[in-house]
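Please read it alongside the sequence and coordinates.

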Amino acid sequence: MKELLTGNEAIARGAYEAGVAVATAYPGTPSTEILENMAAYEGVYAEWSPNEKVALEVATGAAIGGRRALAAMKHVGVNVAADPLFTVSYTGIKGGLVIVTADDPEMHSSQNEQDNRNYAKFAKVPMLEPADSQEARDYIKLAFELSERFDTPVFVRTTTRVSHSKSIVELSEPQQRPAAPALEKQPDKYVMVPAHARRRHPLVEQRIKDLEAFAEEFAENRVELQDPAVGIIASGACYQYAREAFPGYSFLKLGMVYPLPKKKIKEFSRQVKKLYAFEELDPFIEEQVKALGIEIIGKDVFPSCGEFDPGTAEQGIRGITGTEKKDTAALPYLPPRPPTMCPGCPHRGLFYALNKMKVFVAGDIGCYTLACLPPLKAVDTCICMGASIGHAMGLDKALGSAALGRVVAVIGDSTFLHSGITGLLDVAYNRGACTVIILDNWTTAMTGRQDHPGTGMTIREEKTTKVDYVKLVKALGIKQVKKVDPFDLKTLNKVLKKEINRPEPSVIITDSPCVLYRRGEKGAPRPLLYVERSECIGCKACLQLGCPALEWVTLPPQEQAALKKKKGEAFINPSLCVGCELCSQLCRKGAIRKKDGNN
Amino acid sequence: MATTDRVQNILMVGVGGQGVILAGEIISEVMMRAGYDVKKSEVHGMAQRGGSVSSHVRFGSKVYSPLIKKGDADVLFSFELLESARYLDFMRSDALIMVNSQKVLPPSVTLGVDTYPEQIPEILRARFSRVDIVDALDIAKRAGNARALNVAFLGALSRHFAVDENLWKDVISAMLPAKLVDVNIKAFLLGRKTD
């Protein structure tokens, strides 16, 4: 049977066909849909883990128990899971263990574009890299086989253009795997005290040698010998770009990017006149080929930043731009269209208030990071998951009284549970005078609304226990904890002023669901708002919210004169307004009013 | 247009929330069922409501790259006037330019900082000989639901491909929620009849 699948859907399908028993992940673009699809298959235990480290540990436990397990994460998620990763490389597994790392060249939705192929070499773990959805499905199955054959975790690396592109996949039925779960004590293999670890390390070195030998015969490391004038070594989406740009040249298409098939590369280099490594981000292949004493061209002609396309291959190899410069000079200025917080977003009022207070906002990862853009401009740092609290603590300790009343940390509910709890524990323990605002919108909004330990629902939408943030925060040692409704601007402002100026740690929880929240818990639709034209004085106070539903209409000069100096007025787009009533709270003239009924 | 030798490239662009992604899904499925190799690529992730969205759809006897090379797109299928102007360097000089006449204001325009460029249709007509500006919102409203805009617009595009009408209808029926199928089929057929 054939189906059009994304790379992520194909990975889930492949894992299902390979008989995976346990699949874990923390949501992160571009990896999120792997687990969403995994959860739809019968007979697979799937979970949203609180973070990637836990995800990998749970998958490892399942693999130690003899079952096949998969942990999926975005590239920066592997940083979080790196601690168990480097040592499970030593212990090996019993059932197959596959770690999917979804890299994001171009940073479509990420804070950096680190090249996770380096993790394969660093942790001495083999890595496969599929080039489309068919390979994504096939390589997951191969990865489980390799994992069990070589007693190692195996990486499968995708990039955004494999994860989120659709192509045709041939499906098959799932393997019936003999369920042989067994508790088997093997302390010398799984208890990495120094004496045991010293015995495991040489096995790891030998394993890489064995895998190098395997790489030579691995059918997915494929030589396509055509015109010998140019040979190109590539893997993943890069292979597709180069193959499209130069259908006649010779290729060494690598299905496994670590370890490399050294002999095959040497032989290929002898068969072609000029050799290129066509790879996004780091010169990962290039440097290893150069270390073999082989001449190869890579980052001298191809960029180190951003993602590639077929034009990149043409430009690097042929030295042309691929397209004649069309006369873009004649185009008018095109105002940019960045993503914004939705109309009715519960975060908007908070960042409006923080902007007015002119405080330094240590920020975190989530939709609210978008509040760094005008007109809100109220996020001042964003580095990694959970970092906001540490940043606020560091500012507080470094600046002392100069920071008091001037610094806050903001962190979403899912991000707080992922890695904010330890930061807050530090604030309590080391007596930081920080104010931490937990933005509880009842979901992991940015990646498309996934559940987490604070939502009371599992990935399969089964009811489960739900974190009580107030109790949790108090148990960490924070005495001042307040919940507020972020749509009540007056109360919100009062609480913010009081807590930010308090010379001891405090936590504010803004409690209101994401406007896209899916379980119909929002109640009846609210009446939409409109601007009473005769009352609007054109002061633009409401526009400072940056709500997509609020528009500025410039009036023609004759009308401006007739309407007492007013240059224009606010207009509420009825197709975007959801009736959240933030803007009406800002209008001093009472010009923003509720419509009768819901339209 | 539907020749098998050269890969056909459709660049779909618009604003988050307009249904660009679903329209791309429908075309891709139709072309797969019509016997072509198909690749489709886009980026999801960031809270994309209101942001620029683009989707690359490619089909032919064998498709390698999931991305269209700049200067190589055969069709621009743009759901919004301003957005169409952002991607002109992707287009072949003989490309078909299909644009929905709707305007969605970017944030700096709603704030009164920038103005919306009004001369886009003239620019398109000056550069390309095949420009088709369609009021897809109006077609969708006539079909009975403004949100069927994407499928109405797809109806207009479908005239340019030698694919059986029933195939489009089958795929639309399969991919939309049951209660929305009738209105979307109606919108598709109305779009297909526009001139």
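## Strands 5 and 6 of chain B

Met98(B) stands opposite Asp132(B), a residue of strand 6 of chain B. Strand 5 (residues 91-100) of chain B runs parallel to strand 6 of chain B, and five bridges join the two. Strands here, of at least two residues (E), and helices, of at least four (H or I), are DSSP runs numbered from the N terminus; two strands pair if DSSP finds at least two bridges between them.

Helix 6 (residues 149-158) of chain B packs on the sheet and touches strand 4 (73-78), strand 5 and strand 6 of chain B. The direction of helix 6 of chain B makes about 140 degrees with that of strand 5 of chain B. Such angles run from 0 to 180 degrees between N-to-C directions, with axes as lines fitted to C-alpha atoms, for helices over the stretch in contact. Contact between two residues requires C-beta atoms, placed from the backbone, within 7 Å.

The model is predicted: local features need pLDDT of at least 70, side-chain atom pairs count only at pLDDT 80 or more, and totals for chains, interfaces and linings use all residues. Residues are numbered from 1 along each chain as its sequence is written, while chains are lettered from A and ligands numbered from 1 in the order in which they are written.

The open sheet has eight strands in the order 1(A)-8(A)-2(B)-3(B)-1(B)-4(B)-5(B)-6(B), with mixed pairing. Strand 1 (2-6) of chain A and strand 6 (130-134) of chain B are at the edges with a single partner strand each, so one side of each has no neighbour in the sheet. From one strand to the next, the twist averages 20 degrees.

Where do the two chains join within the sheet? Strand 8 of chain A and strand 2 (residues 37-42) of chain B run antiparallel, joined by three bridges. Ser167(A) has Lys39(B), in strand 2 of chain B, as its bridge partner.

## Contacts between the chains

In the interface, 47 residues of chain A are in contact with 45 residues of chain B. Elements giving two or more residues to the chain A side are helix 7 (160-163), strand 8 (165-170), helix 10, helix 13 and strand 20 (550-554) of chain A. Helix 10 of chain A provides the largest share of that side, five residues.

## Helix 13 of chain A

Gly319(A) follows helix 13 of chain A and has a positive phi, near 70 degrees.

## Chain B as a whole

Chain B contains eight helices and six strands. Its radius of gyration is 16 Å, close to the 16 Å from the globule rule for 195 residues, so chain B is as compact as a globular protein of that length. The radius is taken over C-alpha atoms, and the rule is 2.2 Å times the number of residues to the power 0.38.

The C-alpha trace of chain B spans about 50 × 40 × 35 Å along its principal axes. Of its 195 residues, 51% count as buried.

Conventions:
Buried ≥ 20, exposed ≤ 12 C-beta atoms within 10 Å, placed from the backbone.
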